Amino acid sequence: LKRKLKMQSIVKIQRKLKELGYYNLTIDGIWGPSSQKALLQATAQNKVEIYFDFKLFKTLFNVTKLTQEVVDSINCLFDTFNTYTTIDSNNPVYIAYMLGTTWHETAHTMLPIMEKGGVAYLSKYDTGKLAKELGNTPQADGDGIKYAGRGYVQITGRNNYDYFTRALRIDLINNPDLALNPSIAAKILVIGSLEGRFTGRKLANYIKIGTLQEFTNARRVINGTNEAGRIARYASQFLQCIVLKEK
């Protein structure tokens with residue numbers, strides 16, 4: 001049933017693209033290069049945009065109430081998904097995985113958050129081998145806390161904050177809490193996932209049509225294989241919530 005529902009979400013997008021004259025192949029519920037090309041053509045001409053089915057989200061994830069803050073946060077994510085289309089940010093199967101990651105990394109809040117843990121826990125980032133890998137100073141000077149994980153995807157370490165300072169032209173080095181701003185956090189999630197800025201691997205290395213196995217392997221884009229299966233299942237559920245909205 002879940003596989004059928006997932007395919008139906010893609011079928012609906014393909015059908016709408018076909019109705020609008022952008023997709024001329026078989027409607028098969030499989031998202032591939034031809035589907036993405038049709039979507040990019042339609043969005044380039046300002047005909048459609050990818051959007052979110054909040055009602056289905058509440059059902060699938062057993063969410064009893066959506067606050068305005070969460071709605072605004074998800075809308076901010078979709079504004080970003082509809083913006084970075086030159087790197088296929090509006091690809092539904094990529095979006096599904098980024099949403100699954102966000103659901104997991106934000107402790108099921110869909111809001112940018114600070115990494116959980118006190119001084120003792122976050123000090124692991126302050127000195128030693130891990131601190132060096134993250135670009136933090138070798139001294140016990142508080143870098144571990146200053147550059148702890150933040151946002152939708154929990155960017156961690158001075159190196160990451162420095163990269164996105166330059167990429168976004170926002171001073172995250174001196175103001176790391178800016179990564180908690182939904183707009184900035186969404187850009188970090190999208191650029192990092194699609195350009196491989198977190199681990200050197202990007203979603204395109206693993207996700208082709210959005211199977212559960214592809215979603216499982218894609219965890220390497222973020223954090224090795226930690227919780228890979230769980231996040232893959234989230235991604236499959238989120239794929240059902242992605243719809244195409246005609247402008």
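A residue is termed buried when its relative accessible area is under 20%, exposed when over 50%, and partly exposed in between (1.4 Å probe, protein chains only). By that criterion, both Tyr-147 and Tyr-161 are buried. The structure is a predicted model, in which local features need pLDDT of at least 70, side-chain atom pairs count only at pLDDT 80 or more, and totals for chains, interfaces and linings use all residues. Residues are numbered from 1 along each chain as its sequence is written, and side-chain values use heavy atoms, with hydrogens and water left out.

**Aromatic pairs**

- The whole structure contains 17 aromatic pairs, where rings of Phe, Tyr and Trp (its six-membered ring) pair if their centres lie within 6.5 Å, with planes under 30 degrees apart counted as stacked, over 60 as edge-to-face and the rest as tilted.
- One of these is the edge-to-face pair of Phe-78 and Phe-81, at 5.1 Å centre to centre and 80° between the planes.
- Both residues of that pair, Phe-78 and Phe-81, belong to helix α4 (residues 68-81) and are three residues apart, about one turn of the helix; helices (H or I, at least four residues) and strands (E, at least two) are DSSP runs, numbered from the N terminus.
- Phe-78 is buried because its relative accessibility is 2%, and Phe-81 is buried at 0%.
- Tyr-147 and Tyr-161 form a tilted pair, because their ring centres are 5.3 Å apart and their planes meet at 50°.
- This pair links distant parts of the chain, 14 residues apart: Tyr-147 lies in the loop between α8 (143-146) and β3 (150-151), and Tyr-161 in helix α9 (residues 158-168).

**Cluster and charge**

- One aromatic cluster includes Phe-78, Phe-81, Tyr-51 and Trp-103.
- The charged end of Lys-245 sits over the ring of Tyr-51, 4.0 Å from its centre (NZ of Lys or CZ of Arg within 6 Å of the ring centre and within 35 degrees of the ring normal).
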